Structures are given as structure tokens and as C-alpha cells.
Amino acid sequence: MSQVDLVEAERAAVAKPSPLWTLGLFRSEFVTTLRRWRTLALLGVLAAVPILVGIAVKIETEDGSTAGQQGGGGEGPAFMAQITNNGLFLVFTALAATLPFFLPMAVGVIAGDAVAGEANAGTLRYLLVAPAGRTRLLLAKYATTVAFCLLATLVVAVSALAVGALLFPLGDLTTISGTRISLADGLVRALLIALVVAASLLGVAALGLFVSTLTNSGIAAMATTVGLLTTVQILDQIPQLHAIQPYLFSHYWLSFADLMRDPVYWDELRKNLGLQALYVAVFGSAAWARFTAKDITA
Amino acid sequence: MDDDAAEAAPEAAGADDTTDTVIHTRALTKRYRGGQLAVDGLDLAVPAGSVFGFLGPNGSGKTTTIRMLMGLIEPTSGTARVLGRPMPHASRAVLPHVGALIEGPALYGFLSGRDNLLRYDAADPTADPRTRRARVAEALERVGLTAAAGKKAKAYSLGMKQRLGLAAALLQPRRLLVLDEPTNGLDPQGMREIRVLVRELAADGTTVFLSSHLLDEIEQVCTHAAVMARGRLLTQGPVADLAARARGRLVVTTPDTADAARVLKEQGIGDVVVSEDRVTGEPGDRELADLNTALVTAGVRVRGFGVERASLEDAFVALTGEGFDVAG
């Protein structure tokens with residue numbers, strides 16, 4: 001074999017790895033995340049919320065009254081009043097109840113821990129010398145967080161659907177606009193709503209991942225992300241700050257209810273998705289810039 | 001096989017410094033943000049096929065150097081080449097050929113030993129998923145962890161964790177192994193096993209870069225060594241040369257110690273010390289045979305005569321003028 005042949009042989013050997021192999025990292029990442037007790041506990045809490053709401057509504061309405069309208073002024077989450085008529089509304093109620101805090105908190109914990117937790121445990125350096133590649137690892141981490149957003153939302157929705165079907169009648173339902181739609185149509189809308197709710201969490205996911213690249217302490221990153229989440233929610237409630245409110249990632253979250261109008265009112269939904277995309281672009285880039293230039297000393 | 005031949009060929013052909021060295025740094029410097037100079041103008045050359053001992057007290061810059069070599073830390077200035085490619089720029093091409101154990105093992109406590117290795121292997125985009133389970137099993141076998149492979153890593157002892165870390169470095173055939181304090185936490189039996197493993201790997205042609213603060217460990221397995229202190233490289237070269245640089249001591253064993261000491265002093269031997277039945281001194285440039293003749297003609301009954309080989313520790317003390325355990 002001549003020198004040239006050898007070089008050619010080497011090229012062939014180097015070119016051999018299949019591009020599909022790179023997906024193995026995402027799969028490993030996702031499975032590893034799901035095998036943490038913390039993740040399972042978060043999903044357990046999310047699954048419990050619809051159960052609690054369902055049971056509470058059932059108990060409260062046993063005398064034939066309507067939920068959310070008893071005892072004067074106690075205003076529950078959206079769609080609460082409709083649950084007794086149709087169990088499907090428990091899905092919407094549960095998503096409306098978990099979206100402001102439980103869901104983003106769970107996402108914040110997963111995203112905040114993504115890089116910082118590995119740095120804290122020292123496993124980050126071994127992933128990087130494997131070599132996972134910094135951009136590839138960060139993408140796998142974000143993809144995993146996005147998958148978790150979807151999974152967490154579906155856990156709430158499926159749990160709510162099961163509890164709703166168990167405790168309440170199912171059937172045709174009335175939209176916010178007053179029109180009647182079939183149960184099948186209602187289920188499609190429920191799925192759409194779940195997807196929109198999951199997409200609403202993408203901004204928090206990107207923010208959490210960025211915070212995660214800033215520190216070597218998983219706990220600090222999780223606490224910071226959840227703290228930011230709470231702060232933003234408070235800022236969104238202060239009327240004097242209306243000028244900045246359209247830029248807060250949580251501002252259009254409850255717009256998912258517009259999917260229950262007939263016809264669907266897209267304006268705020270579009271604003272919500274656009275805002276999430278903006279957060280993903282800004283904090284995703286920031287996380288990338290930070291992580292690819294970072295000295296890994298942990 | 002073809003792959004190995006192709007990569008080895010240009011190295012064998014090249015007489016140039018950079019092609020037959022596996023690690024080559026030039027004026028490699030790292031200053032941390034606090035202003036602390038961790039590594040200062042390091043020129044390191046690790047020959048291919050060597051077992052290279054990287055010595056220095058804790059805090060001398062060994063780990064920072066290793067992290068720069070592995071692309072985890074960006075050098076402040078200077079260059080580092082590993083397997084002939086610049087780091088950290090060529091990380092993704094170089095690191096699949098490098099197995100590393102850096103500052104002790106790091107594991108996912110909630111995963112089994114086997115699952116830890118599967119995860120690290122999945123992180124390598126050049127690792128074939130079809131052979132993954134077989135390679136993991138082989139690596140576990142090699143470090144003697146097969147029986148404990150299904151146990152959660154958090155239940156492992158320090159020694160078992162260390163072995164699992166080593167197994168992660170052995171998931172693929174490597175051209176270079178970087179082992180930072182590989183025998184930490186191991187019992188004497190475990191240490192011996194690691195030494196045997198290192199020798200086996202070296203016999204297969206893998207270059208082993210071994211950092212340690214244990215001098216006898218380096219002396220037992222390494223062909224080459226470098227000594228660092230306070231961020232600077234004090235010396236590097238074949239272990240035999242390093243030890244030879246610290247001159248050995250002349251040792252005479254005799255019942256007539258007083259006479260022997262007098263004769264040796266007359267012969268111009270410096271620093272003569274008598275202890276029990278031994279007389280020792282600095283031989284200087286004197287011909288040893290002449291010294292022996294002088295002793296015997298003076299009627300000194302000699303039981304033993306010779307120069308005690310200097311250990312690497314003597315070399316280290318000679319280099320730094322201080323004990324090894326004094327941190328820089």
C-alpha cells in the first residue's frame with residue numbers, strides 16, 4: 001500500500017460514523033433525565049393537580065350547584081364552571097391551573113439543572129471529552145427540555161382527561177363563543193391547546209438553559225430560574241408596568257383559551273408564539289455563546 | 001486495523017518533533033480570571049509509545065495543563081497539539097482517539113455502572129451504537145467490574161468508581177490515554193492491577209500520560225517523566241536520565257567503620273557519614289575501583305561496596321530543593 005492509499009483509507013475510516021449516531025446523545029439525554037427521581041416527582045405532582053381539581057369540583061357540586069360560583073366571589077381557573085357538564089373541560093381547567101406556576105416551575109427545574117447539574121456532578125467534563133461537542137451537547141440538552149415541556153403538558157392533559165371521564169359526563173361541548181361542537185372536535189381542540197401550552201413553555205426553557213450555563217451549581221440555577229419566573233409573573237400583575245408587559249414571556253400564556261372560541265381568535269396566540277420564539281432566539285444564542293467559550297473547571 | 005496503520009505511518013516517517021510526539025505544547029500558559037498564573041510557559045513533549053509520568057505537588061498546574069490538553073480550558077497563550085492537531089480547535093477529531101480520567105471519576109449515581117458507560121459512549125458521535133453493549137461489557141471486564149455492573153453507581157466504593165472511570169476511558173481502542181491520579185482511592189491490590197493494566201495498554205502501543213504525586217508509582221511504570229512545580233516545567237526526559245542526574249551515594253559496608261571513614265576522607269570523598277556498619281559519601285568523579293583498592297590496602301575489611309542508585313525522589317529534591325509534599 002502506498003502512502004496515498006493509506007491516507008485514502010484513513011479518510012474512509014474517519015468518514016464512517018453515521019450521521020444518525022449523533023441522535024444517540026439526545027436519546028441518552030432524555031432517558032437519563034427521565035430516570036432521575038426529581039423528574040418523576042415533578043411529573044407526579046403535575047399528574048396530581050387534575051386529580052385534586054376533579055375531586056374538589058365533584059365534592060363541591062354534589063348538591064347540584066355549579067363549581068366556582070358558590071360561596072360568593074371565589075373565582076377559580078378558567079372553564080371551572082363547565083366541568084360538571086362535561087369532563088373534557090377538566091383538561092382546560094387543569095392546564096389553566098398549572099400553566100402559571102407548576103408547569104413552568106417543572107420546566108425551570110429541568111432546564112436549570114441541564115448543564116449546571118452535570119457540571120456540579122463532574123459528569124460534564126467526561127461528556128465533553130467523549131467528545132460530545134459543546135454545540136451538540138447544548139442542542140441535545142435543549143431538545144430534551146423541549147421534549148419535557150411536551151411530556152409535562154401531556155401528563156397534565158391526559159391525567160385531566162382520565163379524571164374528567166371518570167367523574168363527569170362526556171359529550172358535545174359549548175365553546176366560549178356559545179356554539180356547540182362535537183366531542184371529537186373538542187378532543188382535537190384539547191390536543192391543540194396542549195401543544196400551545198407546551199410551546200408557551202419554550203421561552204422559560206431557553207431562559208433556564210442560559211442560566212444553567214452561568215453556574216456550576218444545579219441548585220443555584222434551578223432556584224434562579226424559578227425565582228425569575230415568579231418575578232416575571234409579579235411584574236405582569238403591576239398595572240404601572242404595562243409598557244414592558246407585552247415582552248414578558250408569561251404575558252400571553254392564557255391566550256390558549258382563544259382556541260375554544262368559534263372561530264378561533266388567533267391574534268394573541270400568534271403573539272404568544274412569536275414572543276416564545278424571540279426568547280428562544282435570544283437566550284438560546286446567549287446560552288450557546290456562553291457555553292462554547294466557557295472554561296470547564298468543574 | 002487499516003485505520004491504525006494509516007495513522008501510524010506518517011508518524012513513523014516524520015523525523016520532525018511534532019509528528020512523533022503525541023502531546024506537544026509550546027509556551028502554554030493559563031492565567032485564571034483572578035490573575036493567578038496556573039501554568040506558565042509550558043513546553044511539553046510526550047513521545048509516541050511512551051508511558052509518560054507527569055509529576056508535581058498538588059497545586060502545581062498539572063490538572064490545568066491536562067484540562068487544556070483535553071480542550072476543556074482555553075489557554076491564555078501558547079499552543080497545545082494532541083495527536084498532531086491543535087487543541088481545543090480540533091477537539092472533535094482528536095478526542096475520540098483519547099481516553100481520559102480527569103481529577104477522579106464522575107458518575108451518575110442513580111444509574112448502574114453499565115448505564116453510566118452506555119451514556120458516556122452515546123456522547124461520542126464516532127462510537128458505533130451497534131457495538132455499544134459489547135464494548136461496554138468488554139471495558140467492564142477489563143477493569144474487573146463485570147459482577148458489579150448492574151449496581152447503582154452511588155453504591156460503589158471509591159475504588160470501584162475509579163475503575164468505572166477507567167472503563168469509560170477504555171470504551172474504544174485509544175491512541176492516547178490521559179490518566180490523572182488513576183490509583184487514587186485504590187488499595188495496594190487495586191494499584192497493582194492498574195499498573196499491570198497500564199503496562200498492557202502501553203505494550204499494545206497506546207501512549208499513556210499519567211499524572212501522579214506518587215513518585216514510586218511513576219518510577220515503577222513510566223518510561224518518561226516531567227516534573228512541574230508552581231506552574232513551571234522543571235525538567236522532562238526519560239526516567240533513567242532524570243534519576244541519573246541526581247548522583248548516587250557511595251556505600252561501604254564494613255565492621256571497620258572508623259578506618260574506612262578516614263581512608264575515604266583521605267581519598268577526597270565529601271560528606272562522609274558513618275551509621276552502624278555503613279559508611280556513605282559523595283563519590284564525586286573518583287574511580288570507584290581505585291577507592292576500593294585504597295580501602296583494602298589500608299586493611300579495611302569490606303563486606304559491601306557500591307553506589308546506591310538515586311531514586312526519582314532524590315532527583316526531585318535535587319531539582320526543587322524541597323520535599324515533594326510541599327505545595328507550591
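These legends walk through a few close-up views of a predicted model. Local features here need pLDDT of at least 70, side-chain atom pairs count only at pLDDT 80 or more, and totals for chains, interfaces and linings use all residues. Residues are numbered from 1 along each chain as its sequence is written, while chains are lettered from A and ligands numbered from 1 in the order in which they are written.

View 1. Chain A has 11 helices and 2 strands (DSSP runs numbered from the N terminus: H or I with at least four residues for helices, E with at least two for strands). Of its 298 residues, 44% are buried (20 or more other C-beta atoms within 10 Å of the residue's own; 12 or fewer is exposed, in between is partly exposed, and C-beta atoms are placed from the backbone). Among contacts with a separation of 6 or more in chain A, 76% link residues 24 or more positions apart (a contact means C-beta atoms, placed from the backbone, within 7 Å).

**View 2. Helix α4 of chain A, tucked inside.** How many of the 10 residues of α4(A) are buried? The count is 10 of the 10 in this helix (residues 89-98), so it is largely enclosed by the rest of the structure. Among them are F89(A), F92(A) and L95(A). The cover over these buried residues includes α3 (37-60), α5 (102-121), α7 and α8 (183-200) of chain A.

**View 3. Where α2 meets α7 in chain A.** Two packed helices are described by the angle between their axes and the distance between the axes. The axes of α2 (residues 23-34) and α7 (residues 134-167) of chain A come within 9 Å and cross at roughly 50 degrees (axes are lines fitted to C-alpha atoms, for helices over the stretch in contact, with angles from 0 to 180 degrees between N-to-C directions). That makes α2(A) and α7(A) oblique to each other (under 35 degrees is roughly parallel, over 145 roughly antiparallel, 65 to 115 roughly perpendicular, and the rest oblique). On the α2(A) side, the contact residues include F26(A) and F30(A), and on the α7(A) side they include A140(A) and F148(A).

**View 4. A cis bond in each chain.** Most residues other than glycine have a negative phi, and most peptide bonds are trans. In chain A, a cis peptide bond joins A130(A) and P131(A), with omega about 0 degrees. P131(A) sits in the loop between α6 (123-129) and α7 of chain A. Over in chain B, the bond from M87(B) to P88(B) is cis too, with omega near 5 degrees. Look for P88(B) in the loop between β6 (85-87) and α3 (91-94) of chain B.

**View 5. Two positive phi values in chain B.** L83(B), which isn't a glycine, has a positive phi near 50 degrees. You'll find L83(B) in the loop between β5 (77-82) and β6 of chain B. Is L83(B) buried or exposed? It has 21 C-beta neighbours inside 10 Å, so L83(B) counts as buried. E103(B), another non-glycine residue, also has a positive phi near 50 degrees. E103(B) lies in the loop between β7 (98-101) and α4 (113-122) of chain B, and because it has 18 C-beta neighbours inside 10 Å, it counts as partly exposed.

Definitions and conventions:
Two residues are in contact if their C-beta atoms, placed from the backbone, lie within 7 Å.
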